[in-house]
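Reader: I would like to learn how to read helices and salt bridges in a model such as this one. Could we go through them step by step?

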Amino acid sequence: MYKFVLDADGIIKLAKAGVLEKLAESAVCIVPRQVYDEVMRGKEKMHKDALITESLAAQSKIKIAEHGKTGFAGAGAGESAALAVFRKENADSIISDDLRFLAQLKKENIPFTTPANALVWLAKNSKITKEEALDSLEKLKEFVREEAYERAKNLIGGKENDNRVLPVEDT
């Protein structure tokens, strides 16, 4: 089964899109302890992403992982923990939308998936329908870069007259 490591940005955006639970049912989802604790701080303000994440952890649908050594210098604490857990767990991809972190991952040839492309992954692997993916992507629209939104929409098949084949370097 495919293994994703999620940072806080990935968790929050996938919860906003309404697909975090579906992803957790479709793949092994691993969250570093530091990231989990960061997301749980939102519980005080009743943030939906924190409540969903807590519920999924309580049901063992997401795995909370401890990490040892940090990932790399220059990354935030959560991103560094995500990279350390990625390596420790021998995961397939990191889900994040942090541009600095993604640039570093790309530079080091480490596979990553943006939250928008996690929707593409779910649709292409028949975990959600095209319509569900497009609906979830619409919920993400204001939280992701326009080019990420348009690219994911095209890959899902959201434009009937757009037959371009787009590269999928981050999924």
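Author: We start with a definition: a helix is here a DSSP run of H or I with at least four residues, and helices are numbered from the N terminus. Please keep in mind that the model is predicted.

Reader: With that in hand, by how much of a helix are lysine 139 and aspartate 135 separated in helix 8?

Author: Lysine 139 and aspartate 135 are separated by about one helical turn, because they stand four residues apart in helix 8. Their side chains meet in a salt bridge, with 3.7 Å from N to O.

Reader: How many salt bridges does a search of the whole structure find?

Author: The search finds 13. One of them links lysine 22 and glutamate 25, whose closest N and O atoms are 4.0 Å apart; these two residues are three residues apart in helix 2, residues 20–26, and so are separated by about one helical turn. Lysine 22 is partly exposed, with a relative accessible area of 32%, and glutamate 25 is partly exposed with 42%.

Reader: What can be said of arginine 33 and aspartate 37?

Author: Their side chains also form a salt bridge, at 3.9 Å from N to O. Arginine 33 and aspartate 37 lie four residues apart in helix 3, residues 33–40, which means about one helical turn between them. Arginine 33 is partly exposed at 31% relative accessibility, while aspartate 37 is partly exposed at 35%.

Reader: How should I read the packing of two helices, and at what angle do the axes of helix 8 and helix 9 cross?

Author: An angle over 145 degrees between the axes counts as roughly antiparallel. The axes of helix 8, residues 130–140, and helix 9, residues 146–156, come within 10 Å and cross at roughly 170°, so helix 8 is roughly antiparallel to helix 9. Helix 8 contributes Lys130, Ala133, Leu134, Leu137 and Glu138 to the contact, and helix 9 contributes Tyr149, Ala152, Lys153 and Ile156.

Reader: Which classes of residue make up the contact of helix 8 with helix 9?

Author: There are six nonpolar and three charged residues in this contact, and no polar ones.

Note on methods:
Residues are numbered from 1 along each chain as its sequence is written. This is a predicted model: local features need pLDDT of at least 70, side-chain atom pairs count only at pLDDT 80 or more; totals for chains, interfaces and linings use all residues. Side-chain values use heavy atoms; hydrogens and water are left out. Axes are lines fitted to C-alpha atoms, for helices over the stretch in contact, and angles run from 0 to 180 degrees between N-to-C directions. Angles under 35 degrees count as roughly parallel, over 145 as roughly antiparallel, 65 to 115 as roughly perpendicular and the rest as oblique. Contact means heavy atoms within 4.5 Å. Ala, Val, Leu, Ile, Met, Phe, Trp, Tyr, Cys and Pro count as nonpolar, Asp, Glu, Lys and Arg as charged, and the others, Gly among them, as polar. Buried means under 20% relative accessible area, exposed over 50%, partly exposed in between (1.4 Å probe, protein chains only).
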